[in-house]
Amino acid sequence: MGAQLRVYRQKIKSAQTTKKITRAMELISASRIQKAQARVAASTPYSRAITRAVSAVATYSNIEHVLTTEPEVINRAAVVIFASDRGLAGAFSSQVLREAEQLTELLRSQGKDVVYYLVGRKSLAYFSFRRRVSERSWTGGTDQPQFDTAQEIGEALLEAFLREADDGGVDEIHIVYNRFVSMVTQVPEVVRLLPLEVVEGEEAPEASAVLPLYEFEPEAETVLDALLPVYIESRIFNAMLQSAASEHASRQKAMKSASDNADKLIKDYTRLSNNARQTEITQQISEIVGGADALSSAKN
Amino acid sequence: MASAPLSVSVVSADQQVWSGEATMVVARTVEGEIGILAGHEPLLAILSSGEVRVTLADGTKVVAEAADGFLSVENDTITIVARKAALV
C-alpha cells in the first residue's frame, strides 16, 4: 500500500472516531434540553407568584426599603456571570463573557468599580487565565442547577449589597446570563437585579387584574423584608435554569455541526484515498506492461 | 356561603405542587393560624413552616407541608408560595 493511501486511511479513521464522540454528545444534549426546558416551565408559577407579591407590596405601601431605593451615588457594582462548567458548547460561554465585558466597560465609564461573581468553571477559567480577580465563584452543576445553589448565591449577593461600599459592599448588582429563546436561539441578557426595578416587562400583571389593596400580616415592612430575598433567589434560580437550557441547546447545535463536518471530512478523504488507490493501480499496470514490453523486445 | 369557590394553587421553587378549587384554606402564618373562605379581603402573609389544609367542595382535605413561604389572597385566588412544599 502506498504511503499516501495509508495517510488518507488514517485520517478517515480519526474523523470517524471523532464523529462517534460528537454524535453521542449531540444525542445526550438533545435528550436533556427537554428536561431543562420543563424545569424552566415548572419554576415559572413560583417566580410569577413572587413577582406579583413583590409588586403588590411595593406599589401599595409607601415604605422605603433598602433593597428598592436607589442609592445616591453608586461606587461599586457587582456583576454575576452565568457560564457553563464544560466547553464544547459553541459560543455559549464566550458570548455571555463578551456581554459581561461590555457591561463592565459601560459601568467603568460611569465611574463605578466592578466586582465579579462567577458561576461555572468556564468563567472562572477565563478570569484566572487573565489573572483577574473575582469576589466569589461557584462551580459544578451548571447543567442541572439546584435551588440550594441559587439560595447560596442569593445570600452572598444580599450580604454584599447590605454591606457599606467602603466595607467592600456593592451598591448595584447585575446578572448576565443566556436566555433560552428557542432551540436555535439563545440570547445573552443583562438584568439589573438590585436595586429592584419591580415593574418588569416580561412578568407584568395582566391588564385586567388591577392589583388590589392588600392587608399585610404581620406588617408591610416585615413582609417586604422576607419577600425580597426570596424574589432575588427566584430570579437567580430562573437565570440558572435558563442558562442550563441554553447550554444544552447550544451544545447540541455545536455538536451537530461538528458531526456534519466530520461527515464531510470522511467523504473528502474517501474520495482522495480512492484516487490515490486508483493512481497506484494504474502505475502498477503501466509498470507491468512496460516490463513485459521490455522483456519481449529483448527476446527478439 | 361557598357559592364562589376559591381557586387555590400551591407552588414551590421548582414546581407547582397542587392547584384546584376549594371552599376553605387553613394555613399557619407567623401570627397564628388563619382560615380563608371565599370573599376574603386581599391579604399577603408570611407563613411559618407547617401544614396548609385545603378543604375541597366535596369535603375531602388536601394537606401540604410548606416551609419558608407566603400566602397571598386576592379575588378568591389563593396562592401559597413556598421554597419547599410537598403534599402530605
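Which residue of β5(B) does F216(A) stand opposite? That residue is L44(B). Keep this pair in mind as we walk through the model, which is a predicted one.

## Where chain A meets chain B

F216(A) and L44(B) face each other where two strands from separate chains come together. Strand β6 of chain A, residues 215–217, pairs with β5(B) in the parallel sense, and 3 bridges link them.

Zoom out from that pairing and you get the whole contact between the chains: 24 residues of chain A are in contact with 22 residues of chain B. On the chain B side, at least two residues each come from β1 (6–12), β2 (15–22), β5 (43–47), β7 (61–74) and β8 (77–87). Of these, β5(B) gives the most, with 4 residues. As for what sort of residues chain B brings to chain A, there are 10 nonpolar, 8 polar and 4 charged.

## β5(B) inside its own chain

Now over to chain A and two of its helices. Helix α1 covers residues 3–59 and helix α5 covers residues 220–299. Their axes come within 5 Å and cross at roughly 165 degrees. Because of that angle, α1(A) counts as roughly antiparallel to α5(A). The crossing itself is left-handed.

What kinds of residues make up the contact of α1(A) with α5(A)? They split into 34 nonpolar, 17 polar and 12 charged.

## Two domains in chain A

The domain assignment divides chain A in two. Domain 1 is made of 3–24 plus 256–291, while domain 2 is 26–254. Taken over C-alpha atoms, the centres of these domains of chain A are 50 Å apart.

Where the domains touch, domain 1 of chain A puts in 7 residues and domain 2 of chain A puts in 6. On the domain 1 side, α1 and α5 of chain A supply at least two residues each. The largest share of that side, 4 residues, is from α5(A). By type, the domain 1 side that touches domain 2 has 2 nonpolar, 3 polar and 2 charged residues.

## The sheet of chain A

Chain A also holds an open sheet of 5 strands, in the order β3-β2-β1-β4-β5, with mixed pairing. Which strands stand at the edges? They are β3 (136–138) and β5 (186–194) of chain A; each has a single partner strand, so one side of each has no neighbour in the sheet. On average, neighbouring strands of this sheet are turned by 20 degrees against each other, direction ignored.

β3(A) pairs with strand β2 of chain A (residues 113–119) in the parallel sense over 3 bridges. One bridge to look for links Y117(A) with R136(A), which sits in β3(A). There is a helix here as well: α3 of chain A, residues 121–129, lies across β1 (76–82), β2 and β3 of chain A. Relative to β2(A), helix α3 runs at about 135 degrees.

Terms used
Residues are numbered from 1 along each chain as its sequence is written. Chains are lettered from A and ligands numbered from 1 in the order in which they are written. This is a predicted model: local features need pLDDT of at least 70, side-chain atom pairs count only at pLDDT 80 or more; totals for chains, interfaces and linings use all residues. Axes are lines fitted to C-alpha atoms, for helices over the stretch in contact, and angles run from 0 to 180 degrees between N-to-C directions. Angles under 35 degrees count as roughly parallel, over 145 as roughly antiparallel, 65 to 115 as roughly perpendicular and the rest as oblique. A crossing is left-handed if the near helix is turned anticlockwise from the far one by less than a right angle, and right-handed if clockwise. Ala, Val, Leu, Ile, Met, Phe, Trp, Tyr, Cys and Pro count as nonpolar, Asp, Glu, Lys and Arg as charged, and the others, Gly among them, as polar. Domain bounds come from an automatic or database domain assignment. Two residues are in contact if their C-beta atoms, placed from the backbone, lie within 7 Å. Two strands pair if DSSP finds at least two bridges between them.
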